[in-house]
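Look at the fold as a whole before turning to its parts. The report below goes from the overall layout to single residues.

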Amino acid sequence: MKFRALILFSGLYIILLMACKNENNETLFPVKKISFCDTISYARHIKPIIDLSCNTSSGCHSTGSAQGDFTNYPSTQPWISQFKDRVIILKNMPPGSGPLPQSQQDLFECWLDAGGRNN
């Protein structure tokens with residue numbers, strides 16, 4: 001009887017050892033890592049830059065402008081596809097004052113790479 005229990009216990013122990021895998025918590029419970037770019041918000045980060053540099057009293061991108069009305073997200077949205085070329089690559093926006101500071105370009109690039117959402 002003891003021998004039978006010992007064999008049964010040994011068999012269960014071997015099965016238990018074979019069932020264990022060498023995995024860590026990241027593998028077992030993957031968590032989406034949040035990057036700096038995931039925290040960029042249109043309302044909090046992008047809109048203030050647009051208001052200060054694009055939607056100015058000079059009227060470049062103010063209400064009803066033929067060059068693009070950037071006063072709110074819906075009127076800005078059709079122009080978003082051009083932002084990366086004009087602001088990040090060509091660096092010709094805003095005209096006259098030179099390109100945006102690198103920190104603001106980085107915010108735009110992150111926001112655009114994340115889809116340019118109204119968040």
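Predicted model: local features only at pLDDT ≥ 70, side-chain atom pairs only at ≥ 80, totals over all residues.

## Overall layout

The protein has six helices and zero strands. Along the sequence the pattern reads α-α-α-α-α-α.

Of the 119 residues in the protein, 27% are buried. The accessible surface amounts to about 8,600 Å², and carbon and sulfur atoms account for 63% of that surface. Among contacts between residues at least 6 apart in sequence, 42% join residues at least 24 apart.

## Helix α6

Helix α6 covers residues 102–113. Its twelve residues should span 16 Å at 1.5 Å a residue, and this agrees with the end C-alpha atoms, which are 16 Å apart.

The buried residues of α6 are Gln-104, Gln-105, Leu-107, Phe-108, Cys-110, Trp-111 and Leu-112. An α-helix has 3.6 residues a turn, so residues three or four places apart point the same way. Against which helices do the buried residues of α6 pack? They pack against α3 (42–53), α4 (73–76) and α5. After α6 comes Gly-115, which has a positive phi, near 110°.

## Ile-88 in helix α5

Ile-88 belongs to helix α5. Is Ile-88 buried or exposed? Its relative accessible area is 11%, and the cut-off for a buried residue is under 20%, so Ile-88 counts as buried.

Leaving aside neighbours within four places in sequence, Ile-88 is in contact with Phe-83, Gln-105, Phe-108 and Glu-109. Two of these contacts, Gln-105 and Phe-108, are among the buried residues of α6.

## The loop between α5 and α6

Most residues other than glycine have a negative phi, and most peptide bonds are trans. The loop between α5 and α6 holds Lys-91 and Pro-94. Phi of Lys-91 is positive, near 55°, although Lys-91 is not a glycine. Lys-91 has a relative accessibility of 33% and therefore counts as partly exposed.

What kind of peptide bond joins Met-93 and Pro-94? The bond is cis, with omega about -5°.

## The largest pocket

Rolling a probe the size of a water molecule over the atoms shows where empty space is left. The largest pocket has a volume of about 240 Å³. Its lining is made up of 16 residues, and those nearest the centre are His-61, Phe-70, Phe-83, Arg-86 and Met-93. Phe-83 is also in contact with Ile-88, and Met-93 is one partner in the cis peptide bond.

Helix α5 (residues 80–89) gives the most to this lining, with four residues. Sorted by class, the lining has twelve nonpolar, three polar and one charged residues.

## The largest cavity

How many cavities of 30 Å³ or more are there? The count is one. The largest cavity holds about 40 Å³ of space.

Which residues line the largest cavity? They are Cys-37, Asp-38, Ile-40, Trp-111, Ala-114, Gly-116, Arg-117 and Asn-119. Trp-111 is also one of the buried residues of α6. By class, the lining of the largest cavity has four nonpolar, two polar and two charged residues.

Note on methods
Residues numbered from 1 in each chain as written. Heavy atoms only, no water. 1 Å grid on protein atoms, 1.4 Å probe; cavity = no way out; pocket = protein on both sides within 12 Å on 5 of 7 lines; lining within 4 Å. Points joined across faces, edges and corners; volume = space filled by probe spheres on them. Helix = DSSP H or I, 4+ residues; strand = E, 2+ residues; numbered from the N terminus. Nonpolar A, V, L, I, M, F, W, Y, C, P; charged D, E, K, R; others polar. Expected span 1.5 Å × (residues − 1). Buried < 20%, exposed > 50% of the residue type's maximum accessible area, 1.4 Å probe, protein only. Contact = heavy atoms within 4.5 Å. Areas by Shrake-Rupley, 256 points an atom, 1.4 Å probe, with all protein chains shown as cover.
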